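Please walk through this model with the viewer open.

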Protein chains: 2
Amino acid sequence: MQSKEKLSILKIGGKLLADEEQLKEMLEVFINQKGRKILVHGGGNRANELIKALGIEPKMINGRRITDEPTLEIVTMVYAGSLNKSLVARLQAMGCPAIGLSGADANVILAHKRVVKDIDYGFAGDVDAVNVTALQHLLAGNLVPVCCAITHDGKGQLLNTNADTIASSLAVALAPHFQVSLQYSFERPGVLKDPADDNSVITSLNKPLYQQYKEEGIITDGMIPKLDNAFAGLEAGVNEVVIGSPAAMSRGQATVIQL
Amino acid sequence: MQSKEKLSILKIGGKLLADEEQLKEMLEVFINQKGRKILVHGGGNRANELIKALGIEPKMINGRRITDEPTLEIVTMVYAGSLNKSLVARLQAMGCPAIGLSGADANVILAHKRVVKDIDYGFAGDVDAVNVTALQHLLAGNLVPVCCAITHDGKGQLLNTNADTIASSLAVALAPHFQVSLQYSFERPGVLKDPADDNSVITSLNKPLYQQYKEEGIITDGMIPKLDNAFAGLEAGVNEVVIGSPAAMSRGQATVIQL
């Protein structure tokens with residue numbers, strides 16, 4: 001059996017997008033990786049600034065955005081427009097053949113409007129399907145997809161979708177075809193044993209160790225949903241999940257998670 | 001010699017984008033054409049509305065926009081973001097495998113910042129090169145590029161570029177590989193003998209006839225630069241240029257221009 005080609009899927013968090021130095025370092029780490037690549041980016045602050053500048057009341061419930069119609073227009077403008085195209089132009093200038101995509105483009109990510117239970121999240125989309133054929137075609141043309149957090153429902157409606165979910169959906173869908181490294185970059189160096197000490201990165205984590213750290217109270221609260229998602233991806237075929245800062249990833253000192 | 005595959009490049013003008021009924025008709029005509037397809041769209045009024053809503057003074061000289069930095073961000077958000085993605089989602093809903101592109105995406109259109117002579121147009125881009133290989137790859141994957149009027153300079157700078165110019169640059173660059181029909185849709189049925197009479201469409205025009213109509217004063221002023229550009233495209237290898245409204249195109253009664 002021929003070994004599968006390597007594919008790195010890197011998600012850049014909103015805070016990194018706003019930090020010029022860290023963003024530069026992250027993009028350099030990204031383009032210098034071997035094999036195929038996909039970048040996924042979140043939103044950053046620009047959407048909120050614009051919502052305020054246009055006199056729209058930002059609606060949040062439990063820290064999650066309620067996407068009404070004017071908000072959807074703004075996040076589409078910022079995520080798929082200014083932010084996505086700036087990243088693409090910048091990657092092109094670095095010699096990386098980037099191509100910006102929303103989920104509507106080439107029908108790459110199909111979603112449905114979140115079903116209303118207790119809370120109506122508005123035009124929030126939950127992912128249904130990834131168009132593997134289209135992505136394979138783009139990758140085969142040596143293109144580097146840069147995916148923003150906008151999807152569509154196939155009936156003409158754009159939807160606002162969590163960027164972490166987009167990254168993991170792409171990773172799982174492409175895992176049968178590539179050896180996928182799913183990478184979440186953020187401002188901390190990795191999963192820490194001591195949240196107050198950036199030198200306490202757990203550089204290697206697997207399922208038994210994760211259980212142990214949870215039982216010992218070393219890994220708590222905020223990291224648990226992120227890591228549960230990471231292990232769900234690994235169980236669905238993703239080869240590894242990497243969590244860390246651009247600097248830690250660059251030095252190979254971020255957290256690497258395998259089953 | 002094998003005959004070249006047909007490629008339709010349709011440019012939708014700003015006024016049509018704002019007219020739901022005409023836009024719907026135009027998209028239907030577009031997707032029902034045989035062969036490969038590329039859509040090019042202008043801006044519409046949304047960018048101006050947003051410029052005003054954000055308290056920016058729109059700068060125009062001789063009817064042309066001066067693209068300063070805040071204006072560039074807004075046109076990028078609207079053209080490449082909300083407008084492009086709405087069109088893509090809508091085409092996808094109609095069964096057309098659309099993929100939205102700025103000139104930065106896959107380096108499809110490389111431009112340079114317009115050289116300042118009498119007027120500084122700011123971040124306005126004049127087209128230098130079309131990435132034919134990338135477009136051929138997308139078309140070969142049965143994708144339908146939807147190009148907005150944003151380009152880049154290859155050094156990380158996005159630029160605002162005239163949509164008519166984008167359409168004709170694409171047509172000329174692709175003419176060696178396809179039998180190109182370059183179509184300009186607008187609100188009038190075609191090139192008119194009598195500007196006051198929509199039933200006076202010149203359905204077929206060639207170079208000798210164009211000379212004659214100009215000498216007779218039948219074709220004047222506003223239409224001359226458009227038609228000069230059309231003939232320049234034909235002389236550079238484009239097979240035909242079609243000018244007209246969605247309804248006229250749909251009935252085959254628009255103006256068809258060949259050498």
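Two residues count as being in contact if their C-beta atoms, placed from the backbone, lie within 7 Å. Keep that cut-off in mind, and keep in mind that this is a predicted model.

Start in chain B. Which residues does B:Gly14 touch, not counting residues up to four places away in sequence? They are B:Gly42, B:Gly43 and B:Gly44. Take B:Gly43 from that set. B:Gly14 and B:Gly43 are 29 residues apart along the chain, yet 5.4 Å separates their C-alpha atoms. B:Gly14 itself sits in helix α1 of chain B, residues 14-17. Is B:Gly14 buried, exposed or partly exposed? A residue is buried if 20 or more other C-beta atoms lie within 10 Å of its own, and exposed if 12 or fewer do. B:Gly14 has 19 within 10 Å, so it is partly exposed.

Before going further, look at the confidence. Chain A has a mean pLDDT of 94. In that chain, 99% of the residues reach 70 or more. For the complex, the predictor gives an ipTM of 0.95 and a pTM of 0.96.

Now turn to the sheet of chain A. It is an open sheet of 8 strands. Their order is β5-β8-β2-β1-β11-β13-β14-β12, and the pairing is mixed. Which strands stand at the edges? They are β5 (98-101) and β12 (204-205) of chain A. Each has a single partner strand, so one side of each is left without a neighbour in the sheet.

Follow β13 of chain A, which covers residues 240-244. On one side, β13(A) is joined by 5 bridges to β11 of chain A, residues 178-185, and the two run parallel. Here A:Tyr184 has A:Ile243 as its bridge partner. β13(A) also pairs with β14 of chain A, residues 255-257. That pairing is antiparallel and spans 3 bridges. A:Val242 stands opposite A:Val256 in β14(A). How many residues of β13(A) are buried? The count is 4 of 5, so by the cut-off of 20 or more C-beta atoms within 10 Å the strand is mostly covered.

Chain B has an open sheet of 8 strands as well. The order reads β5-β8-β2-β1-β11-β13-β14-β12, with mixed pairing. At the edges stand β5 and β12 (204-205) of chain B. Each has a single partner strand, so one side of each lacks a neighbour in the sheet. Further in, β1 of chain B (residues 5-12) pairs with β11 of chain B (residues 178-185). These two strands are parallel and share 8 bridges. Within this pair, B:Ser8 stands opposite B:Ser181 in β11(B).

Next, the domains. Chain A is assigned domain 1 (5-181) and domain 2 (188-259). Their centres, taken over C-alpha atoms, are separated by 23 Å. The contact takes 13 residues from domain 1 of chain A and 12 residues from domain 2 of chain A. On the domain 1 side, the elements that give two or more residues are α2 (20-31), α6 (163-174) and β11 of chain A. The largest share comes from α2(A), with 4 residues. What kinds of residue make up that side of domain 1? There are 8 nonpolar, 4 polar and 1 charged.

The contact takes 34 residues from chain B and 34 residues from chain A. On the chain B side, the elements that give two or more residues are α4 (69-93), β5 (98-101) and β9 (150-152) of chain B. α4(B) gives the most, with 14 residues. The chain B side divides into 15 nonpolar, 14 polar and 5 charged residues.

How are the copies related? Two copies of a chain are related by a rotation about an axis and a shift along it. Here, chain B can be laid on chain A by a turn of 180° and a shift of 0.0 Å along the axis, with an RMSD of 0.0 Å. That is the relation of a two-fold axis. In chain B, the C-alpha nearest the axis belongs to B:Gly81, 1.8 Å from it. Of the interface residues of chain B, 100% are also interface residues in chain A, so the copies meet through the same surface.

Terms used: Residues are numbered from 1 along each chain as its sequence is written. Chains are lettered from A and ligands numbered from 1 in the order in which they are written. This is a predicted model: local features need pLDDT of at least 70, side-chain atom pairs count only at pLDDT 80 or more; totals for chains, interfaces and linings use all residues. pLDDT is the predictor's confidence in each residue, from 0 to 100. Ala, Val, Leu, Ile, Met, Phe, Trp, Tyr, Cys and Pro count as nonpolar, Asp, Glu, Lys and Arg as charged, and the others, Gly among them, as polar. Two strands pair if DSSP finds at least two bridges between them. Copies are superposed by least squares on the C-alpha atoms of residues with pLDDT of at least 70 in both. Domain bounds come from an automatic or database domain assignment.
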